[in-house]
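Reader: I would like a close look at one part of this chain. Please pick a helix and walk me through its surroundings.

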Amino acid sequence: MDPERWRQVEEVFAAALEQSPAARAGVVSAACGDDEALRHEVLSLLEAAEPAAAYFADLSSRAGVPSPASTEVDQFLGRTVGSYRLVRLLGRGGMGVVFLAERDDRQFEKQVALKLLPLGIGSTEAMQRFLLERQILARLEHPGIARLLDGGVTEDGTPYYVMEYVAGVPIDEYSDTNRLTVAERLELFLKVCDAVDHAHRHLVVHRDLKPNNILVTPDGKVKLLDFGIARVLDRERSAGGATFTGQAHPMTLAYASPEQVQGAPITTASDVYSLGVLLYKLLTGFHPYRRDFSSPSDAEHVICVRSRPSRVPGLPQPTGTSGMP
Amino acid sequence: MRQRWRLRRCEPFGRAILLTGVETACSFSCMASSPDITERLRLAQQGDRAALDEVFALVYDELHRLAQAQRRRWSGDTTLDTTALVHEVYLKLVDQEGAQWNDRSHFLAVAAKAMRHLLVNYAERRRAAKRGGGAATVSIDEFNPVAEEVADEVIALHEALDRLARVSERQVGVVEARFYAGLSIEETARALGISPATVKRDWQLASAWLHREIQTTLSPP
């Protein structure tokens with residue numbers, strides 16, 4: 001390649017980046033005229049930009065030289081990502097950092113939740129999960145699930161996506177502070193079931209259903225959040241389900257199903273189990289296990305052996321042989 | 001009296017760098033913080049190639065030495081904090097009292113390049129060790145953050161950067177500062193004397209191009 005040619009590539013590439021993703025191809029075509037090779041080269045590079053960002057984040061950690069500077073969260077505050085300005089940190093974890101953000105162009109006075117995977121966090125798995133969560137959210141469209149609004153890559157190559165911001169409180173807290181009756185609690189719980197059902201119909205298992213991920217807005221709307229460790233059942237890799245459920249992922253044991261704790265293959269039934277734990281908590285005010293776990297093996301014992309509902313003292317025992325195990 | 005630098009042949013700005021040993025690298029530590037390097041840095045900035053190569057060799061050796069020391073301090077860890085390293089090397093080598101603001105920026109750009117070569121050196125040692133030859137001089141307990149599986153990629157990236165240098169030295173500088181030294185966009189802009197907006201654009205274009213090149217190298221069509 002000669003430098004002169006590269007200048008042309010640079011120029012068209014830069015012009016295209018200033019446009020929204022949808023408008024880029026048009027800008028490139030207009031800028032290249034009948035130079036088909038140039039058009040092809042720039043489009044190929046634009047297409048490579050997002051996987052390249054993921055690749056370099058991954059490579060730096062695999063090569064043993066993760067870049068700590070780029071994982072610092074503070075540097076993001078006040079910055080503009082896409083057309084959003086980052087206002088404050090909402091949460092962070094291995095699966096990314098979530099900011100409260102506002103439309104920068106003041107076209108809409110809209111607050112959103114913007115999730116970033118800073119370069120440097122990016123192990124292969126974290127990056128794959130991040131992109132997978134984006135795909136999962138894109139396929140779900142339900143009033144009970146926080147919606148995906150936008151997504152892309154920042155100028156320095158950090159992938160991000162934008163979700164509906166839910167100003168709500170966890171479902172158990174909402175029920176208690178508003179002193180909801182049993183009937184009202186059940187009504188709320190059914191809305192949660194509706195949203196989970198929608199996800200399951202799209203072959204998405206949430207895998208981390210717990211009050212902190214189920215918010216209720218001041219007007220009583222339920223919103224499921226955080227599909228960060230969700231998975232899609234129809235992906236070919238789900239065949240190796242057991243490896244996918246490995247101990248490393250940060251699921252919350254208090255609401256986890258026995259198969260999750262044991263690392264066995266996951267189905268939609270895992271979510272149903274978590275919903276059962278949630279319902280117990282909503283109706284009784286107590287967690288079914290009634291205590292914290294001292295270790296992962298303690299959790300496994302409590303969840304899989306000791307706390308079989310049939311053995312919990314004070315609960316009516318099932319009659320006959322068709323009852324619960 | 002002016003100190004004499006003990007330099008090995010090392011031409012990072014032309015040909016591939018020769019392997020340097022830990023033992024010899026340590027001999028530099030006693031000369032650390034000499035005012036001379038600031039002077040050389042300024043000569044280098046004015047286009048003095050020999051001065052630049054000398055600064056580079058010093059920085060390279062110090063990086064290598066500190067990388068090994070960092071490893072000892074955090075034994076058990078298998079990663080290098082490259083950003084901390086390049087800043088540490090600066091504090092070590094440059095006389096803080098005589099230094100000016102842009103000395104530091106320029107130094108970081110050189111240090112980023114040195115970090116790139118250090119990493120390639122580790123990758124080449126891995127590859128050599130795998131093939132069973134050439135690495136006889138490397139002690140077995142030397143810290144090498146580059147795992148065997150990544151060695152080919154690190155080398156492919158290095159070679160792709162050499163090809164990129166034929167069309168844009170500036171973009172190579174951006175990748176070195178961002179990827180190898182973990183400098184922020186602003187630090188990179190200062191180190192290279194360009195605007196932050198240019199850094200962002202260069203990084204996006206260069207990383208896309210490099211990624212494509214590496215893929216072609218590793219799995220030819």
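Author: Buried here means under 20% relative accessible area. Keep that cut-off in mind for helix H6 of chain A, residues 182–201. The model is predicted. Among the elements of chain A, H6(A) has the highest mean pLDDT, 94.

Start with its length. H6(A) has 20 residues. From its first C-alpha to its last it reaches 28 Å, close to the 28 Å expected at 1.5 Å a residue.

Now the buried residues. They are Arg185(A), Leu188(A), Phe189(A), Val192(A), Ala195(A), Val196(A), His198(A), Ala199(A) and His200(A). These residues pack against H5, E8, E9, E10 and H9 of chain A. After H6(A) comes Leu203(A), with a positive phi near 65°.

Next, the strands. H6(A) lies across E9 and E10 of chain A. Its angle to E10(A) is about 35°. Both strands belong to an open sheet of 3 strands, in the order E7-E9-E10. The pairing is antiparallel. E7 (169–170) and E10 (222–224) of chain A are the edge strands, each pairing on one side only. Between E7(A) and E9(A) there are 2 bridges. Val169(A) stands opposite Val216(A) in E9(A).

H9(A), residues 268–284, is another packing partner of H6(A). The buried residues of H9(A) are Ser270(A), Asp271(A), Ser274(A), Leu275(A), Val277(A), Leu278(A) and Leu282(A). Seen down the helix axis, they fall within an arc of 160°, so they line one face of H9(A). They pack against H5 (171–177), H6, E8 (204–205), E9 (214–216) and H8 (258–261) of chain A. Gly285(A) follows H9(A), and its phi is positive, near 85°.

Finally, confidence. The mean pLDDT of chain A is 77, and 71% of its residues reach 70 or more. Helix H7(A), residues 241–244, has the lowest mean pLDDT among the elements, 31. Over residues 235–251 of chain A, pLDDT stays under 50. The model has 28 contacts beyond four places in sequence for that stretch. Residues 320–325 of chain A are also below 50, with 6 contacts beyond near neighbours in sequence. Where pLDDT is low, the predicted coordinates should not be read in detail.

Terms used:
Residues are numbered from 1 along each chain as its sequence is written. Chains are lettered from A and ligands numbered from 1 in the order in which they are written. This is a predicted model: local features need pLDDT of at least 70, side-chain atom pairs count only at pLDDT 80 or more; totals for chains, interfaces and linings use all residues. Side-chain values use heavy atoms; hydrogens and water are left out. pLDDT is the predictor's confidence in each residue, from 0 to 100. Helices (H or I, at least four residues) and strands (E, at least two) are DSSP runs, numbered from the N terminus. Contact means heavy atoms within 4.5 Å. The expected span of a helix is 1.5 Å times one less than its number of residues. Buried means under 20% relative accessible area, exposed over 50%, partly exposed in between (1.4 Å probe, protein chains only). The arc is that of the directions from the helix axis to the C-beta atoms. Two strands pair if DSSP finds at least two bridges between them. Axes are lines fitted to C-alpha atoms, for helices over the stretch in contact, and angles run from 0 to 180 degrees between N-to-C directions.
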